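Hi everyone, thanks for making time for this. Let's have the structure up on the screen, and then I'll walk you through a few parts of it.

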Amino acid sequence: EECGDYDVTPVQYAVLSVLYRGKALDQVSVAAEVGIDRNNAADVLRRLERRGFVERLPSPRDRRAMLNAITDAGCRFVEDAHGAMERAQDRFTASLNARDRKRFLDLLQKVMIDNNDAGRAPLKRPDGV
């Protein structure tokens, strides 16, 4: 309900959020950051490019590779949608007090990390595993 007006999927928002950090990334890196397979990343990036939120740029290091960068319109979109995303998260956990909310989020993260290797596109952890 909070995010319905933005016409964006959670995966599309995740890709935009990764690119919002400011670094242009190739499709494989986007997929690894979000935890999706690279074919899905290619489709998501194409859709975001059609909406004007992402642009493809030639890689300065590899002429065969293309990098994906967020556009000004994409940055504005992330900034506009961020509040709605936070409100949705707040509504979802509204019945929990601060201590229980922290515990819930810690447990969700534990489940995600403990099952990471079972996914089609495991997230890379900061320790390189």
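This is a predicted model: local features need pLDDT of at least 70, side-chain atom pairs count only at pLDDT 80 or more; totals for chains, interfaces and linings use all residues.

Is S59 buried or exposed? Buried means under 20% relative accessible area, and S59 counts as buried because its relative accessibility is 11%. Its side chain reaches the backbone nitrogen of R61 at 3.2 Å. Leaving aside neighbours within four places in sequence, S59 also contacts A65, M66 and L67.

Now the strands on either side. Strand 1, residues 54–58, and strand 2 run antiparallel and are joined by five bridges. If you look across the pair, E55 sits opposite A69 in strand 2. Strand 2 covers residues 66–70, and four of its five residues are buried, so the rest of the structure largely encloses it.

Over to the helices. The axes of helix 1, residues 10–20, and helix 3, residues 38–50, come within 10 Å and cross at roughly 80 degrees, so the two helices are roughly perpendicular. Which residues meet there? From helix 1 we have V11, Q12, V15, L16 and L19, and from helix 3 they meet V44, L45, R47 and L48.

Last stop, helix 5, with 17 residues, 98–114. From first C-alpha to last, helix 5 reaches 24 Å, close to the 24 Å expected at 1.5 Å a residue. At its start, a side-chain oxygen of N97 comes to within 3.1 Å of the backbone nitrogen of R99.

Terms used
Residues are numbered from 1 along each chain as its sequence is written. Side-chain values use heavy atoms; hydrogens and water are left out. Buried means under 20% relative accessible area, exposed over 50%, partly exposed in between (1.4 Å probe, protein chains only). Two strands pair if DSSP finds at least two bridges between them. The expected span of a helix is 1.5 Å times one less than its number of residues. A polar contact is a pair of N or O atoms within 3.5 Å; within protein, one must be able to donate a hydrogen and the other to accept it, and residues adjacent in sequence count only if both atoms are side-chain atoms. Axes are lines fitted to C-alpha atoms, for helices over the stretch in contact, and angles run from 0 to 180 degrees between N-to-C directions. Angles under 35 degrees count as roughly parallel, over 145 as roughly antiparallel, 65 to 115 as roughly perpendicular and the rest as oblique. Contact means heavy atoms within 4.5 Å.
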